[in-house]
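Let's take a friendly walk through a protein model, one region at a time. Keep the picture open beside you as you read.

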Amino acid sequence: DQTLLEVNDLKKHFALGGGLFGRDAKVLKAVDGLSFTVARGETLSLVGESGCGKSTVAKALMRLYRPTAGQVVLGGKRIDELSDGALRPMRRRIQMVFQDPFSSLNPRMRVRAILAEPIRNFGLAKGRADMEARLGALMERVGLPRDALGRFPHEFSGGQRQRIGIARALAAEPDLIICDEAVSALDVSVKAQIVNLLCDLQRDLHLAMLFISHDLAIVEHMTHRVAVMYLGKIVEIGPRRELFTAPKHPYTQALLSAVPVPEPGAARTRIVLKGDVPSPIAPPPGCRFHTRCPHAFDRCRTEVPKLLSVGRGHEAACHLNEASGEGTAHLSASTA
Ligand code: SF4
Ligand code: MG
């Protein structure tokens with residue numbers, strides 16, 4: 001079985017207080033019933049506008065949050081219900097690269113200490129020489145000179161710092177790396193370099209990667225599969241090629257329409273969505289996207305669409321796909 005990570009009906013709700021006796025208590029359903037898998041050596045991208053719950057998924061997987069419901073299975077073992085003690089040896093296997101390379105590295109630690117910490121914590125080095133070899137190899141892997149081990153984070157550029165953040169994640173020898181907007185804060189040219197580095201590492205080390213991003217243009221060139229989130233739910237999931245060339249959910253189609261195409265004259269027709277993402281405290285009934293969907297009809301306002309197969313390994317949650325089956329005519333990709 002090549003499945004490394006399996007997430008089943010994951011929910012993370014936050015109670016927001018409210019009046020006496022919880023009479024007006026509100027619940028923020030940040031993640032509301034998410035299921036997906038990541039295979040060994042695979043990159044799955046989780047995309048959607050900010051506030052859709054992407055980072056909450058990451059935090060639940062890292063067990064920075066305990067899920068409200070659902071299961072997280074890593075390498076055949078449920079990790080959502082482990083005690084903190086039992087979880088410790090599993091922690092090595094999922095590592096994270098954060099958005100902000102400026103605040104995610106301790107400014108008072110030299111790179112050597114930053115990278116040695118996970119190696120020591122997880123007991124990976126066999127003696128001093130092995131530690132040195134590991135530190136050198138990590139620097140080489142992320143394209144930094146070995147003698148930079150003695151420097152402090154502030155002595156590096158943003159892109160170099162993100163390389164250090166990646167090296168720190170790799171130091172633990174993880175099976176899965178979660179990148180939460182890991183290139184969003186970087187300049188355009190640096191962004192491409194870091195994306196290329198992640199692609200190389202993913203391939204060379206056969207790493208699984210959960211790449212969280214609001215930017216479909218970046219995802220297009222690096223991912224195997226894509227899951228599109230809207231208000232705490234996956235609305236479409238599928239192989240990269242199918243999703244980019246024949247998106248089946250109106251929200252995916254709108255997001256994609258904003259992604260520039262490289263070939264001249266092949267411009268996508270921009271679909272501009274009305275309004276903002278509604279509050280996850282009071283998501284719209286029926287299809288959560290109906291308040292912004294250009295195709296919404298009566299049924300959308302009352303009935304929640306299910307994720308249904310629209311192709312091989314490709315699912316979408318939209319009543320229009322249900323009504324006319326696969327390759328529905330009126331939902332033909334206006335973005336292709
Ligand atoms: Fe739009 Fe209705 Fe499909 Fe939701 S179910 S995406 S509102 S057409
Ligand atoms: Mg986020």
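Is the crossing of α4 and α5 right-handed or left-handed? The crossing of these two helices is right-handed. Keep in mind along the way that this is a predicted model.

## Helices α3, α4 and α5

Let's begin with helix α4, residues 127-141, and its partner α5, residues 158-171. The axes of α4 and α5 come within 9 Å and cross at roughly 135°. An angle over 145 degrees would count as roughly antiparallel, and 65 to 115 as roughly perpendicular. The angle here therefore makes α4 oblique to α5. On the α4 side, the residues that meet α5 are L138, M139 and R141, and they touch A167, L170 and A171 of α5. Sorted by class, this contact has five nonpolar residues, one charged residue and no polar ones.

Helix α4 also packs against helix α3, which spans residues 111-121. The axes of α3 and α4 come within 10 Å, with a crossing angle of roughly 115°. This crossing, too, is right-handed. From α3, the contact uses R112, L115, A116 and I119, while α4 supplies M131, R134, L135 and L138. Six of the contact residues are nonpolar and two are charged, with no polar residues.

## Helices α5 and α6

Now follow α5 to its contact with helix α6, residues 188-204. How do these two helices run relative to each other, and at what angle do they cross? Their axes come within 10 Å and cross at roughly 20°. The two helices are therefore roughly parallel to each other. Helix α5 passes α6 in a right-handed crossing.

G158, G159, Q162, R163 and I166 of α5 meet V190, Q193, I194 and L197 of α6. By class, this contact divides into four nonpolar, four polar and one charged residues.

## The eight-stranded sheet

Next, look for an open sheet of eight strands. Reading across, the order is β6-β7-β8-β3-β9-β10-β12-β11, and the pairing is mixed. Strands β6 (94-97) and β11 (308-311) stand at the edges with a single partner strand each, so one side of each has no neighbour in the sheet. On average, neighbouring strands are turned by 25° against each other, direction ignored.

Within this sheet, β9 (residues 225-230) and β10 (residues 233-239) pair in the antiparallel sense over six bridges. To find one of the pairings, look for V226, whose bridge partner in β10 is G238.

Strand β1, residues 3-15, pairs with β2 over 10 bridges in the antiparallel sense. Residue E6 has T37 in β2 as its bridge partner.

## Around ligand 1

Finally, which residues come nearest to ligand 1? Of the 13 residues around the ligand, these are C287, H290, C293, C300 and C318. By class, the shell has nine nonpolar and four polar residues, and no charged ones.

Technical notes
Residues numbered from 1 in each chain as written. Chains lettered and ligands numbered in written order. Predicted model: local features only at pLDDT ≥ 70, side-chain atom pairs only at ≥ 80, totals over all residues. Near = placed C-beta within 6 Å. Nonpolar A, V, L, I, M, F, W, Y, C, P; charged D, E, K, R; others polar. Axes fitted to C-alpha atoms, helices over the stretch in contact; angles between N-to-C directions. Helix = DSSP H or I, 4+ residues; strand = E, 2+ residues; numbered from the N terminus. Left-handed = near helix turned anticlockwise from the far one by under 90°. Contact = placed C-beta atoms within 7 Å. Parallel < 35°, antiparallel > 145°, perpendicular 65-115°, else oblique. Pairing = 2+ DSSP bridges.
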